[in-house]
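Here are a few notes to read with the model open beside you. Take them one at a time, and find each residue as you go.

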Amino acid sequence: MSFATSTKAGQLAGIYLVNSITATLIVIYQWTGANVAGQTKRVISVALVSGSFSVGNIIGPQTFQAKDAPDFIPAKITVLATQSAAALMTVVLFFYYVWANKRKGATPAVEENLGMPGRDEERMWEDRTDKQNPTFRYVY
C-alpha cells in the first residue's frame, strides 16, 4: 500500500499508515461528541461520522480494480487523497475551535455560573446546542 514498489520496507510502512486510521476512530467519535451540544445534534453528528466511515469502507475496496494490478496506483491515490483531506479537516477544525472559544470570551465556562445557585441544573435541561449555549467551550 505504498508508492515505493521496489522496497518491502516502504510497502510495509504504507500498510501500517493506512491501517492506523482505525485506531483513531475512537478519538474521532469522542471529539465529535465532546464538541457538539444538544442531544439531537450530538446524536446526528455521531451518526454522520459512523455512516461516513461505513460508506468509506464500502467504497474503498471498490477502488482496487483488477485492471490496475499489481500497483493499484488509482486506488493508492484515492486513499492518499482521502486521508490527506481528513488530516487537513482536523487542522481546520482545531483552529476553528480555538477561534470560537476566543470569540465566546476568555472566561472559563465554570466561572460564569459562580454565585448563581440552581442555574447549572436549569441550563443542563435546556438542551441548547453549542451555538446557543454561551457557556459551551470546544475541546481540542
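1. Start with the aromatic rings: W31, Y96, Y97, W99, F136 and Y138 are joined into a cluster by ring pairs. Rings of Phe, Tyr and Trp (its six-membered ring) count as a pair if their centres lie within 6.5 Å; planes under 30 degrees apart are called stacked, over 60 edge-to-face, and the rest tilted. The structure holds 9 aromatic pairs.

2. A word on what you are looking at. This is a predicted model, in which local features need pLDDT of at least 70 and side-chain atom pairs count only at pLDDT 80 or more, while totals for chains, interfaces and linings use all residues. Residues are numbered from 1 along each chain as its sequence is written, and side-chain values use heavy atoms, with hydrogens and water left out.

3. How far apart are the ring centres of W31 and Y97? They are 5.5 Å apart with the planes at 90°, so this pair is edge-to-face. It links distant parts of the chain, since W31 sits in helix 2 (residues 25-34) and Y97 in helix 4 (residues 73-104), 66 residues apart. Helices here are DSSP runs (H or I, at least four residues), numbered from the N terminus. W31 is partly exposed, at 22% relative accessible area, whereas Y97 is buried, at 9%. For these words, buried means under 20% relative accessible area, exposed over 50%, and partly exposed in between (1.4 Å probe, protein chains only).

4. Next, look at F136 and Y138. Their ring centres are 5.2 Å apart and their planes stand at 85°, so they too form an edge-to-face pair. Both F136 and Y138 are buried.

5. Which residues of helix 2 are buried? They are L25, T32 and G33. These residues cover an arc of only 95° around the axis, so they lie on the same side of helix 2. (The arc is that of the directions from the helix axis to the C-beta atoms.) On the other side of helix 2 you will find I26, V27 and Q30, which are exposed. The buried residues of helix 2 pack against helix 3.

6. With neighbours within four places in sequence set aside, V49 is in contact (heavy atoms within 4.5 Å) with I28, Y29 and T32. The C-alpha atoms of V49 and Y29 are separated by 7.3 Å, and the two residues are 20 apart along the chain. V49 counts as partly exposed, at 21% relative accessibility.

7. Now for charge. Side chains of opposite charge can pair when their charged atoms come close. The structure holds 1 salt bridge (a side-chain nitrogen of Lys or Arg within 4 Å of a carboxyl oxygen of Asp or Glu). In this salt bridge the side chains of D130 and K41 meet at 2.8 Å, N to O. D130 lies in the segment after helix 5 (119-124) and K41 in helix 3 (residues 39-59), so the pair ties together parts 89 residues apart in sequence. Is D130 buried or exposed? D130 is buried, at 3% relative accessible area, while K41 is partly exposed, at 31%.

8. Finally, find T135, which is also in the segment after helix 5. T135 is buried, at 11% relative accessibility. A polar contact of 2.8 Å joins the side chains of T135 and N133. Such a contact is a pair of N or O atoms within 3.5 Å; within protein, one must be able to donate a hydrogen and the other to accept it, and residues adjacent in sequence count only if both atoms are side-chain atoms.

Terms used: Helix = DSSP H or I, 4+ residues; strand = E, 2+ residues; numbered from the N terminus.
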